[in-house]
Amino acid sequence: MQTCDILIVGGGVMGVSIAYALARRRVGRVVLLEKSFLGAGSSGKSGAIIRQHYSNRLTASMAQKSLRVFEHFEDLVGGPPVFTHTGMVIVVNERDRAGLEANLTMQQELGIDVRLLSQHDLTNIDPNARVAEDEVAAFEADAGYVEAVQVVASYAESAAREGADIRQGVEVRAIAVEGGKVVGVDTNEGRYECKAIVLATGPWAAQLGREMGLRLPVQASRTQVALFRRPAHFGRRGPVYGDFVQGLYFKPTHGEMLHAGSIAGEEKDRPVNPDQYDESADGDWLPQVRQRLSRRYPAMHRGFGRGGYGALYAITPDWHPILDRCPGLEGVYCAVGFSGHGFKMSPIVGQLMAELIVDGKADTLDITPLRLARFEENDLVKTPYAYGVMG
């Protein structure tokens with residue numbers, strides 16, 4: 001039988017970030033269990049776009065604080081640099097101008113460098129892009145993307161260096177609760193006794209919650225990514241895009257490649273078994289992405305398709321995560337349901353969860369709006385100026 005003080009279930013970016021934050025607090029023995037390999041769920045396939053464009057102060061602040069960590073990741077966490085700075089262009093329909101401007105005002109009040117763009121401004125930033133007369137563009141100067149697999153690996157290595165025990169190939173099959181208090185987990189390697197458990201289980205959250213009689217409203221859903229090789233003479237690499245007119249996000253990636261996916265929200269209609277889902281991209285979907293991408297980047301009509309892949313989202317009813325202790329179960333905490341936009345928040349999530357577990361309350365930011373009870377209380381996180389599913 002193994003024993004520890006705090007046990008984390010799930011070796012994606014949230015699990016390893018929490019492990020690192022807890023290990024640094026010297027809270028006793030911290031063990032992380034991952035049933036497959038690190039990043040095997042959503043994290044390893046993430047586009048890992050790092051942007052602060054949110055319509056809520058809380059999520060914008062979470063993204064803002066996390067960006068500062070990613071910018072200096074090699075110094076603050078360890079490992080090689082992971083952040084590529086590109087800036088981000090947001091495009092909406094003219095009818096959504098008021099919502100966009102309200103978002104920009106809120107973000108500027110937080111100190112985020114954002115501004116509206118004219119067509120001339122956009123051409124200077126990205127000569128390949130086109131916007132129509134009935135479209136409005138904005139620019140977030142500090143945005144970019146990170147190398148997802150390296151972030152997960154560096155967090156795990158740094159957590160281990162701080163004393164955490166990272167174990168792969170160990171599947172949690174049941175959670176042992178006695179008298180309303182967690183006492184351990186049963187795995188393929190036997191029982192692990194612990195005083196507290198953190199569920200960072202991504203698309204598997206609801207499944208494991210049921211083992212404790214806990215309803216976690218997190219739906220495992222399939223999303224897709226399309227990959228294209230830019231044509232010759234395309235010019236310099238462009239920024240990241242959140243294109244709400246075309247319903248796409250896209251970003252430059254390795255070499256001359258573009259990585260694209262949907263921000264239309266159709267994933268909520270695609271529930272899947274996270275252990276058995278189609279990891280390829282739909283053959284009829286890829287040409288649709290090319291067509292929509294070419295409306296923003298006309299030169300991409302000459303781009304080269306490089307296929308794509310299926311991936312997993314863990315979606316809550318309001319598309320916002322759950323960061324909370326689980327009511328009625330002493331010693332159980334959860335950081336789940338990031339709904340496809342969590343990777344960018346992973347540094348601050350680790351810090352906030354460590355504060356919640358060790359200090360009894362998250363002090364850096366008030367995470368009350370992300371409590372589990374909000375669903376039963378019908379107090380969902382609202383996106384007052386939403387023109388898409390980016391929060």
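## Exercises on a predicted model

Cys-326 is buried, at 3% relative accessible area. Buried means under 20% relative accessible area, exposed over 50%, and partly exposed in between (1.4 Å probe, protein chains only). The model is predicted: local features need pLDDT of at least 70, side-chain atom pairs count only at pLDDT 80 or more, and totals for chains, interfaces and linings use all residues. Residues are numbered from 1 along each chain as its sequence is written, and side-chain values use heavy atoms, with hydrogens and water left out.

### Exercise 1: Cysteines

Find out how many disulfides the structure holds.

Solution. 
- Step 1. Start with the bond itself. A disulfide is a covalent bond between the sulfur atoms of two cysteines.
- Step 2. Apply the cut-off. The two cysteine sulfur atoms must be within 2.5 Å.
- Step 3. Count. The structure holds 0 disulfides. Cys-4 is in none, and its nearest cysteine sulfur, that of Cys-194, is 5.1 Å away.
- Step 4. Cys-4 counts as buried because its relative accessibility is 9%.

### Exercise 2: Strands

Give the strand order of the open sheet of 4 strands. Then describe which strands β15 joins.

Solution. 
- Step 1. Recall the rules. Helices (H or I, at least four residues) and strands (E, at least two) are DSSP runs, numbered from the N terminus. Two strands pair if DSSP finds at least two bridges between them.
- Step 2. Read the order. The open sheet runs β1-β13-β12-β11, with mixed pairing.
- Step 3. Find the edges. They are β1 (2-3) and β11 (172-178), and each pairs on one side only.
- Step 4. Zoom in. Strands β12 (residues 181-187) and β13 (residues 190-193) run antiparallel, joined by 4 bridges. Thr-187 has Gly-190 of β13 as its bridge partner.
- Step 5. Turn to β15 (residues 219-229). Of its 11 residues, 8 are buried. It runs antiparallel to β19, with 10 bridges. It also runs antiparallel to β18 (residues 257-262), with 5 bridges.
- Step 6. Name partners. Val-225 stands opposite Tyr-309 in β19. Leu-227 has His-259 in β18 as its bridge partner.

### Exercise 3: Salt bridges

State how many salt bridges a search of the whole structure finds. Then work out which parts of the chain the pairs of Asp-5, Asp-142 and Asp-243 link.

Solution. 
- Step 1. Set the cut-off. A salt bridge needs a side-chain nitrogen of Lys or Arg within 4 Å of a carboxyl oxygen of Asp or Glu.
- Step 2. Count. The search finds 22 salt bridges.
- Step 3. Take Asp-5 and Lys-195, which meet at 3.2 Å, N to O. Asp-5 is in the loop between β1 and β2 (6-9), Lys-195 in the loop between β13 and β14 (196-199), 190 residues apart. Lys-195 is exposed, at 53% relative accessibility.
- Step 4. Take Asp-142 and Arg-68, with closest N and O atoms 3.6 Å apart. Asp-142 sits in the loop between β8 (135-140) and β9 (144-146) and Arg-68 in helix α2 (residues 57-71), so the pair ties together parts 74 residues apart in sequence.
- Step 5. Take Asp-243 and Arg-296, at 2.6 Å between the closest N and O atoms. Asp-243 is in strand β16 (residues 240-243) and Arg-296 in helix α8 (residues 285-296), 53 residues apart. Both residues are buried.
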